[in-house]
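Colleague: I should like to go through the terms used for this model and the values behind them. Please set each value against its definition.

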Amino acid sequence: MSTEETLIADVEAAFAAGEDARLQAQAIADAMRTAFAEGWPETSEKMGSDDGTYLIHANDELGHPNGGFRIYAYRQPQQPESPQSPHDHGPCFVVYGVARGGNVHTRWAWQYSDDTTQAPELTPMQTVDQGPGEAAYFLPGEIHSTQGSRTEETVYVRITSQSLEEVWRHRYNPAHHSSRAFKASGSPTRTS
Ligand SMILES: [Fe+2]
């Protein structure tokens, strides 16, 4: 099997093995790192040389917990530094990895005061600085923002546990601790 066929088989196996998102995501991230070590996705026939989004594989039968996982590869030019745009992925989890270049993810969470009369604040919790060969995931309900490399072209991969087109998600304003529900098909493109 090709590297890509092996990856797809490993992702299918992760979803077929059970419904635990953490176990599924860990297995998929492991499989993604293995594929990166073999030069994928730039070896893929589905990947082009232009900047953009490439659908590598869609499966409407398997996913978490309903069918619809997707594998996308992206070729992204140098990115200007941009305001952080935290978002979630609704009931889905997402595995992100970098084959070349870099992405920096910030993981956010609601921080609650001991004074339960006060509203929580959206707080940056962790920075995940991804370089070539690295993968990380964001489980259902987790919030993150992404800054693409400001100095290098980046090739990265995103595996979503379902198609995000159909699910309600939230985008967050960290200055105001506010959120807004959206579906990807009707939203600006910065949120991934
Ligand atoms: Fe995302």
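Colleague: What makes a set of residues a nonpolar core, and which members of the largest one touch the most others?

Modeller: A nonpolar core is a set of buried Ala, Val, Leu, Ile, Met, Phe, Trp, Tyr and Cys residues joined through C-beta atoms within 7 Å. A residue is buried if 20 or more other C-beta atoms lie within 10 Å of its own, exposed if 12 or fewer, and partly exposed in between, with C-beta atoms placed from the backbone. The largest such core has 32 residues, of which Val11, Ile28, Met32, Val95 and Ile159 touch the most other members. Two or more residues come from each of helix H1 (3-16), helix H2 (21-37), and strands E2 (69-76), E3 (94-100), E6 (134-138) and E8 (154-160). H2 gives the most, with 6 residues. Helices (H or I, at least four residues) and strands (E, at least two) are DSSP runs, numbered from the N terminus.

The model is predicted: local features need pLDDT of at least 70 and side-chain atom pairs 80 or more, whereas totals for chains, interfaces and linings use all residues. Residues are numbered from 1 along each chain as its sequence is written.

Colleague: How do you know that the span of H2 agrees with its number of residues?

Modeller: The expected span is 1.5 Å times one less than the number of residues. For the 17 residues of H2 this gives 24 Å, and its end C-alpha atoms are 24 Å apart, so the two agree.

Colleague: Why are the buried residues of H2 said to line one face?

Modeller: They are Gln24, Ala25, Ile28, Ala31, Met32, Ala35 and Phe36. Seen down the axis of H2, they fall within an arc of 140°, so they line one face of the helix; the arc is that of the directions from the helix axis to the C-beta atoms. The face turned away from this buried side carries the exposed residues Arg22, Leu23 and Ala37.

Colleague: Why is Ile8 called partly exposed?

Modeller: Ile8, in helix H1, has 19 C-beta neighbours inside 10 Å, and therefore falls in the partly exposed class.

Colleague: What makes the phi of His177 worth noting, and why is this residue called partly exposed?

Modeller: The phi of His177 is near 55°, a positive value in a residue other than glycine. His177 is found in the loop between strand E9 (169-173) and strand E10 (178-182). Because 14 other C-beta atoms lie within 10 Å, His177 is partly exposed.
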